[in-house]
Amino acid sequence: MNQMKREAPKFPCLETEVDRISNLPGHILDQILSQLSIRDAVRTSALSSKWRHKWAKIPNLVFDNQCISVPSQDQTLVKNKIVNIVDHVLLLHNGPKHKFKLSHRDLLGVSDIDRWILHLSRSSVSLKEFVLEIWKGQRYKVPSSLFTFEHLVHLELFNCLLKPPLTFKGFRNLKSLDLQHITLTQNVFENLIFSCPLLERLTLMNFDGFTHLNVNAPKLQFFDIGGVYDDVTFENTFKLTLVSIGLYVNVKNDRNVVHGSSSKLLRFFANLPHIRRLEVQSYFLKYLAIGNIPRSLPKPCINLSYLSIRINFNDMEENSAALCLLRSSPNVQELEMLARPEEQSVIATIINFWEDEHWNNLFGQLRQVKIVGISGMKCECDFISFLLSNSPVLERMTVKPASGDGCWELAKELMRFPRASVRSEIIYIDP
């Protein structure tokens, strides 16, 4: 019998398929590479000779745990591998660098980071974003070469020590600044903020080196802060619209000095005429309650549509400060009240505070309310009743207690409260 010769199956030539992609317009190829991690972008050099050096022009250089994964328990080996990868990319990269990010969980050498920043400073004209996150070790002292990045638009530093050289004139193009776990002096901070005239977004978390926070930024629109301070002031921040502030402020000494005279509430809002979203987190309401608490602010926050307050409902001064904010926010649509149950037993229970403040239709725009962490005390229930009876367009109130103790009785009591809005519903969430 004649044996039939079996033909090999025909598959498309791999090189042909690669060339089909390679022949795409250059800007599309650049877009494809820009969506890849450094690791995957470098790997494209193995596709064909046409791809060998394309990765070397990607504008965003991101070195983090996701793109640099070294499966080893040997810290020295891990460190050397990371250093070799960053060195290799920076050495062969020959295009503009728009973004550089270094964020790795393993301990890196100070001299290596200094060297990389110095390398970037020699071609910093195109650099718009710089992110440095040091997750292990002591605060990294940022070298003077970083302060030559004159064209930065976004700067983000984590676990660093800042001491700019005397020749530093500021980041004149910077619009976004994120500083977390940073050590610097009062003068350095104020000069840094003042020398960024275009600054729009500012995030500050856990500073060391000074206790009085003064923010002077005429273009600032977004501000997020957390830490420990003795005082905080705003100057020339009339464009600020989004504020999240969670400070542990030393109020015991300050309360003795200021109580009965000036008002922290009045001073805090004096430079915030256009605020739209406010989050009063941690213990900052204690700070706002220092001094004379006005019945309401001289100028209401007419643009404020979202308000979040962390409060001890068993503290008379905090309740008074919260009521002032509520009275001064006629157009608030979303309200979040976060109780601090750990302090509820420290001060004697307040009697009838919110019962005396029932006016008709106080919250004419309020539609969504979220109350978290309550324990069912009378002052908390009085506040909920106060909201329900003064919110004619309320649609939903979500209540989540701190624990399950007595939750069924609390739920039944909430359902009995009278409501100004016939459309409102109460959603009770078991803890």
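Among contacts in the protein chain between residues at least 6 apart in sequence, what percentage join residues at least 24 apart? The share is 67%, where contact means heavy atoms within 4.5 Å. This is a predicted model, in which local features need pLDDT of at least 70 and side-chain atom pairs count only at pLDDT 80 or more, while totals for chains, interfaces and linings use all residues. Residues are numbered from 1 along each chain as its sequence is written, and side-chain values use heavy atoms, with hydrogens and water left out.

Of the 431 residues in the protein chain, 48% are buried, a term that means under 20% relative accessible area with a 1.4 Å probe, protein chains only.

**A helix pair**

Helix α4 (residues 75-92) and helix α5 (residues 110-121) pack at an angle of about 10°, with their axes 11 Å apart. That angle makes α4 roughly parallel to α5, a label given to angles under 35 degrees. The residues making the contact are tabulated here.

| Helix | Contact residues |
|---|---|
| α4 | Lys-79, Val-83, Val-86, Asp-87, Leu-90 |
| α5 | Asp-112, Arg-115, Trp-116, His-119, Leu-120 |

**Ser-424**

Ser-424 is found in the loop between α12 (407-416) and β17 (425-428), and it counts as buried because its relative accessibility is 9%. Leaving aside residues up to four places away in sequence, Ser-424 touches Leu-394, Glu-395 and Arg-419, while its side chain reaches the backbone oxygen of Ser-421 at 2.9 Å. Ser-424 and Arg-367, although 57 residues apart in sequence, are 8.5 Å apart in space, C-alpha to C-alpha.

Key. Axes fitted to C-alpha atoms, helices over the stretch in contact; angles between N-to-C directions. Helix = DSSP H or I, 4+ residues; strand = E, 2+ residues; numbered from the N terminus. Parallel < 35°, antiparallel > 145°, perpendicular 65-115°, else oblique. Buried < 20%, exposed > 50% of the residue type's maximum accessible area, 1.4 Å probe, protein only. Polar contact = N/O pair within 3.5 Å; in protein donor to acceptor, adjacent residues only side chain to side chain.
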